[in-house]
Amino acid sequence: MSDLQTLRTNTLAAVQAASTLESLDEVRVSALGKKGAITALMKTMGKMEPEARKAFGQEANLVKDEIASALDQRKIELEEAALDEQLAREIVDVTQPARPTAKGSIHPISQVMDEAIAIFGEMGFAVAEGPEIETDKYCFDDLNIPTDHPARQMQDTFYMHGHSGDAGSLVLRTHTSPVQVRTMLIQEPPIRIICPGRTFRSDYDATHTPMFHQIEGLVIDETAHMGHLKGVLMDFLAAYFEVDEVKIQLRPSYFPFTEPSAEVDIGYEVVNGELKIGQGDKWMEILGCGMVNSRVLENCGIDSSKYQGFAFGMGVERLSMLKYGMPDLRPYFDSDVRWLRHYAFDPLLIPSMVRGLHA
Ligand code: PHE
């Protein structure tokens, strides 16, 4: 066999044997490269007779073309194989169920706040927030709570270190009502907000913890009246306790920041040892409310001859105990995982009036 044919046979075999793109490229360089075998053979043509040179040239070109197309073909095969291997290696079974991972849970307080926000949000209330360390001006003075009011005594209010009730003192807010003040100071009526948040009072027993939560509501416009207040509360309580209708009564009361003021009782009965909220002939106090005192409006720069409105405030712990049946308030903040697991809510189920308030 001629040198050319030997080279052809060996090179084509090497092309087929190449199992990676890198080794294929080495074959290409050693056959067709500048210093490759074919190039070297071509260089020998110069010394040949013209007839022999012509024949050799034609044959060499054929061999060159054949090797080049074998290289291209093998390259495509190797590329396809590499892609297939990569696809097989990176396969994702999209039909596989998500792997169960340990997930956290929602505390009943957060759950009830989210439920309330969902219900009031649907009624058109926005959420407003304020600081937990508050000035006594916003927490008391502007809310028409004079210096000698019992709420300002040390036994209820936590004063910040070095503050003792003088003007300008900083306190842990005893209620969420200062957020009313903050909102009225910066927003023109109409106002329709709820203020969920932490509150603090020096008190501790089965139904009181020093840190607790409230949801305050405030509506200010030119016509809001007690009837609207009662309607909002009835709608809220029915939605929250998930009953068609609730029976409530407004009992005259006193809050410095509302006039007139009322305490709201909700009807209930105990059927086979189970608490049924909404109907029945017994009453239980559930929240405080009233028409915003005109002095508070004026303190907050709102013209009380033009605007009026109502406010209400309720305890989140109490709402959650009644709905979810926790008898004692103290374990709420003990961080006992057994309690937390027992009363856990699913973090992926966000309360909404459309989807439902809870699982
Ligand atoms: N701030 C009152 C409290 O903590 C509750 C309340 C709010 C009452 C708004 C009336 C109106 O007791």
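Predicted model: local features only at pLDDT ≥ 70, side-chain atom pairs only at ≥ 80, totals over all residues.
**Entry 1**

I looked up helix α1, residues 3-17, and helix α2, residues 21-32. Their axes come within 9 Å and cross at roughly 165°. The angle is over 145 degrees, and therefore I put α1 and α2 down as roughly antiparallel to each other. I also recorded the handedness: α1 passes α2 in a left-handed crossing.

Which residues of α1 and α2 meet? From α1 I listed Thr11, Ala14 and Val15, and from α2 I listed Leu24, Val27 and Ala31. Sorted by class, this contact of α1 with α2 has five nonpolar residues, one polar residue and no charged ones.

**Entry 2: the domains**

I then checked how the chain is divided. Domain 1 covers 2-89, and domain 2 covers 108-343. The C-alpha centres of domain 1 and domain 2 lie 87 Å apart.

**Entry 3: Gln180**

I turned to Gln180, which I found in helix α7, residues 178-186. Is Gln180 buried or exposed? Its relative accessibility is 1%, and buried means under 20%, so I counted Gln180 as buried.

Which residues does Gln180 touch, leaving out those up to four places away in sequence? I wrote down Leu143, Cys195, Glu216, Leu218 and Ala311. I looked up one C-alpha distance as well: Gln180 and Cys139 are 41 residues apart along the chain, and their C-alpha atoms are separated by 9.7 Å.

Notes:
Residues numbered from 1 in each chain as written. Heavy atoms only, no water. Axes fitted to C-alpha atoms, helices over the stretch in contact; angles between N-to-C directions. Helix = DSSP H or I, 4+ residues; strand = E, 2+ residues; numbered from the N terminus. Parallel < 35°, antiparallel > 145°, perpendicular 65-115°, else oblique. Left-handed = near helix turned anticlockwise from the far one by under 90°. Contact = heavy atoms within 4.5 Å. Nonpolar A, V, L, I, M, F, W, Y, C, P; charged D, E, K, R; others polar. Domains from an automatic or database assignment. Buried < 20%, exposed > 50% of the residue type's maximum accessible area, 1.4 Å probe, protein only.
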